[in-house]
Amino acid sequence: MMLWMAQQTLLLSLVCGGLLLSHRLLQQYLGAHRTYHLWLAVPTLLISSAVVALMPYALSAIHVNQLAHYSVLASKAIATVQTTNYAELLLYIWLLGMTFMATMLGLQVISLRRLLRTASRVHNIHAKLPTYQHPKVQSPMLVGINNAKILLPTNFKNLSPGEQAAIINHEQYHHQRRDLISNLVAYCILSAFWFNPLCWLAYRRFRDDQELSCDAHVTQPLTKPQKISYSQVLLAYSQQAHHGLLHTHYGNKQILKERIMQIKTSQKGQSGLAIIGLTLSLGVSGLLLNQQVQAGAHEHEAVHPVIRIEPKYPVQAVNANQNGFVQLKFDISPSGVVSNVSVIKSSPEAVFDESAINALEQWRYKESIKGQKGAKVQLDFMIEPPATDVERIKVTP
């Protein structure tokens, strides 16, 4: 799990960093709509990686021919040898961050539900969605994934009919494009990679691009005086607007200048074929890049246990002053669990087999993407350790 997270963090950093650095050029040559849809590369990359990682490891596990040797001494106390498990510590820290992010989202959902319970219905506005107003709302917003509603400030009625229609169209376009679902997916990805600063910057840029895209859609049919009026409303609502985790935010003073400058320019309509082509290109590129990272990781994987249980030296073998060995074959799952243990060869036969199998089934290896199939180990059972000044040479028939 932690290995997969580390690999995806690297890939997300490359994708998000590239989109952030080239954002100005993308806006200039592709327009607001296509630039916004380029963020589909992030979930596409994660989905492709998850599909590869969740494939049954028995179908794609690495076959290992290396034979590892471990010595088992009769005089050595039976103990568990375990290296410091930093992965477990990191897992707890990651889960703590995930819990905090989920709590923040839950508190905002509760706050929005309280606003809706005390909001008053607005009937004299032409809107396809139910429309409400509340004195604590400072900027128009779309709330609710299943039952979407438009929440308006009380001074909304002071606007001209044209300004009201533009704002309502803005929020309805959010609903038509299912932006709240996109925001939920984006927040879930941010929650999983909360420790990566680039993910926070990318999330904020994604939300801003979402508003720029809606502005381009709403203002495309407007005349120049109507665009000026729309910009003035945008300026008024951006002063006190707050950035929501899921709900849309019509006003956002951080990108106010960028939005107004965009309204002055003519935006190209979004092309379905162009968006599909860009998305597929990014998805395939992300999948190939992900495969390269995973292949590089496999080249450096080593068959070393992080938890090794020493076998019990059979009492009858100790009494008979008997040495021996057992060669074992087994599989390692992606989570590091040992399974399918079988004896390849043992000497003397059947003397140390049961003890070796029972111990090996409790071993744990490092996590990996695909696991390993056909790993081998030899356990040498010795009454006394060999002298260090004597050369050991194995003689086989």
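Mentor: The account below covers the core and then a neighbouring topic, the salt bridges.

This is a predicted model, in which local features need pLDDT of at least 70, side-chain atom pairs count only at pLDDT 80 or more, and totals for chains, interfaces and linings use all residues. Residues are numbered from 1 along each chain as its sequence is written, and side-chain values use heavy atoms, with hydrogens and water left out.

A nonpolar core here is a set of buried Ala, Val, Leu, Ile, Met, Phe, Trp, Tyr and Cys residues joined through side-chain atoms within 4.5 Å; buried means under 20% relative accessible area (1.4 Å probe, protein chains only). The largest such core has 29 residues, and Leu12, Val42 and Phe193 touch the most other members. Two or more residues each come from helices H1 (2-21), H2 (23-37), H3 (41-53), H5, H7 (179-192) and H8 (197-219), helices being DSSP runs of H or I, at least four residues, numbered from the N terminus. The largest share, seven residues, is from H1. Leaving aside residues up to four places away in sequence, Phe193 touches Met5, Gln8, Thr9, Leu12, Leu46 and Cys199, where contact means heavy atoms within 4.5 Å.

Helix H8 also holds Asp209 and Arg205, four residues apart, about one turn of the helix. They form a salt bridge with the closest N and O atoms 3.0 Å apart, that is, a side-chain nitrogen of Lys or Arg within 4 Å of a carboxyl oxygen of Asp or Glu. Both Asp209 and Arg205 are buried.

Definitions and conventions: Buried < 20%, exposed > 50% of the residue type's maximum accessible area, 1.4 Å probe, protein only.
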